[in-house]
Amino acid sequence: MRAQRVTALVTKELKKLVREPANLFMALIFPIVMTVAFGAAFGGLGSGSMDATYTVGIVDLDASANPVWAEAFREGISDTGVLIVREYGENETAHADLLQGKINAFVILPEDFGDSVDSFLAHPADPALWINSTLGLAVDQGSMIIGAVVPPLIQQVLAVTLFGEQALTLALPLSIAAPTQVTSSHLSQFDYMAPGLFAFSAIFITMLVAQAFSTEREQGLLRRISMTPTSSSEVIVSQVISNMITGATQTAIVYLFSGLMGFRSQATVAGIAYAFVIILFLVLCNVGFGLITASLVKSSGAATGLSFLFILPQMFLGTFVPNTGGIGRFVPSYYVTDALTSLFLRGAPLSSPVILMDLLVVAVVGVVTMVVGIVVFQRFGGD
Amino acid sequence: MLPQSTGQAISIKNLVKRYEDVTAVDDLSFSVEAGEVFGLLGPNGAGKSTTINILSGLLEPTSGSATVMGFDVQKEPGKVKERIGVCPQEPAFFPYLTGKENVELMGNLQDMPKEKLRERTDWLLDQVGLGEASSRRAGKYSGGMVRRTSLAMALVHDPELAFLDEPTVGLDPQSRRATWGLIEDLKGRGRTVILTTHYIEEAEALSDRVGIIDHGRLIALDTPQALMEEHGAENLEEVFIKLTGRKIREEV
């Protein structure tokens, strides 16, 4: 493997990308158009900077003689400025609204809520005389932000209800974490779609690779290269590198333009780096699909058509198209979108097992697809 | 390690290439001396391009053996490809690259040092009359310019052995003369050239020896003068017609 040859071939591929309008459109212009169009259609352009609010349901089952504590708790929730209260008379309706996304969480005040507070205030130093009770809490698992923010806020409100405004400054036997002040975008439809746009752009690399190989074969250029000492592995490595550069550029472009269209990523710098890595593995996978496509057909026109056999399933089952169900797990783009959704939308840490598993799956599928692509191309795809 | 020089640039022994029921090369045997310009002539479909493709490591023969610059084309194709330059019959070039970039790409694929590559590219493009057009995209070139670019791509690394398959088809007289000049330059520096052409007078003017093949078989091999004398002909074209007949052939 000679670096000079690989570099020359990578440079050639990148020049082709920039100089041939069809390639330039598909690789770089198309992701921009898609991101801007989706952002305009589904985003909250210009309205995405307001502070976050979360709607919390309160199921008030308190049957205590003194209802003032339940009322104080409700007011405390409203006073946070972050939580909006919606009241429910029974558990089932609140649960249904949570499932439908109408509220982000709900709290169930037990029948003896007021009595429990009264018992504490009457005998603060004697726990044996307290009436112990438990508040029910249900939180939308679809958002790690809500899961991280809402429970501490509710705990804080509960503490203020029990101990008064000085609750956070007094030395208390209870440990209450100070809630994090979160400034976040209101999540628009575009926010939910944006992670899928990253994978969406990369899957079209299948078509670029299939066209590149079949066109160069038609024009006798692969044969011309094979008249030199250049090996087929050097040709394929140069394709992988040039398409990885393309994929990284696409990722940067989608990130930039989705941000301009109102998408507020929760990812850290490390999270963004992770996003590039997992997309590069998706690129590897799609280079493999492109090689397989180019091996199965003899003309560039047929290659374009056949490449959609790999593009469409990845597009509809693994990008921004919602509700793919379990079948999405059969396409690599699903795992990229899943990981990027966790990173960008939920602010998940890199150590999250789900994110690591997504990367592992895409990496393994990428390597396997690439190996199969090379074998198939060397056997059937040459002149 | 280089093998011991045999003085032969090419040695072919009982070479056969069959495609299902078609025998493109049929028990071909001949050799070409180093430094020789060898004209490989034959009607359409005679087996010239197949022979060149085998010698340049692109095709595997059905049987027989061939060495190029002392290396077996089947066992050591990489070493063969480092020493040869091939100008294919159909010009193959990258249309989105400029003429200069096309030539430099081939030099880079041959691992040429950068400075030498730059000098050689500029010199070659001037020689083939593309100096001023070298920064234009090759996709915008005329047919003649493309063919000259293809020739420069084949010769950029100054190969020890050049296979030139119909290098002057479609060229105007000036370009054709420039191509002849390049071939003479190669010969003057001891390079070996295998020239296939349908312009018989071109082969007569440039070749030290000529081999005529038909139906994959070698039917004549000698200097142009000796062939003319042997067949009582005034020129090499008469010899060619006498040996291969007047029937028009199609490519197989």
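1. Confidence in chain B. This is a predicted model. Chain B averages a pLDDT of 90. At least 70 is reached by 95% of the residues of chain B. Among the elements of chain B, helix α3 (residues 99–109) has the highest mean pLDDT, 97. Helix α9 (residues 236–244) has the lowest, 89.

2. Over residues 1–6 of chain B the pLDDT is below 50. This stretch still has 7 contacts in the model beyond near neighbours in sequence. Where pLDDT is low, predicted coordinates should not be read in detail.

3. Scores for the model. The ipTM is 0.89. The pTM is 0.75.

4. The interface. Chain B puts 29 residues in contact with 22 residues of chain A. The area buried between the two chains is about 2,400 Å². Carbon and sulfur atoms give 59% of that area. On the chain B side, B:Y96, B:L109 and B:D111 supply 30% of the area buried against chain A.

5. Salt bridges. The rule finds 4 salt bridges across the interface of chain B and chain A. The side chains of A:R19 and B:E101 also meet in a salt bridge, at 2.6 Å from N to O.

6. A nonpolar patch on chain A. A:M357, A:L360, A:V364, A:V368 and A:V372 form this patch on the surface. Together they have about 430 Å² of accessible area. A:V368 lies in helix α14 (residues 353–381) of chain A. Its relative accessible area is 47%.

Key
Residues numbered from 1 in each chain as written. Chains lettered and ligands numbered in written order. Predicted model: local features only at pLDDT ≥ 70, side-chain atom pairs only at ≥ 80, totals over all residues. Heavy atoms only, no water. Patch = residues over 30% accessible without salt bridge, like charges linked within 9 Å, V, L, I, M, F, W, Y side chains within 5 Å. Areas by Shrake-Rupley, 256 points an atom, 1.4 Å probe, with all protein chains shown as cover. Helix = DSSP H or I, 4+ residues; strand = E, 2+ residues; numbered from the N terminus. Buried < 20%, exposed > 50% of the residue type's maximum accessible area, 1.4 Å probe, protein only. pLDDT = per-residue confidence, 0-100. Contact = heavy atoms within 4.5 Å. Buried area = accessible area lost by both parts, 1.4 Å probe.
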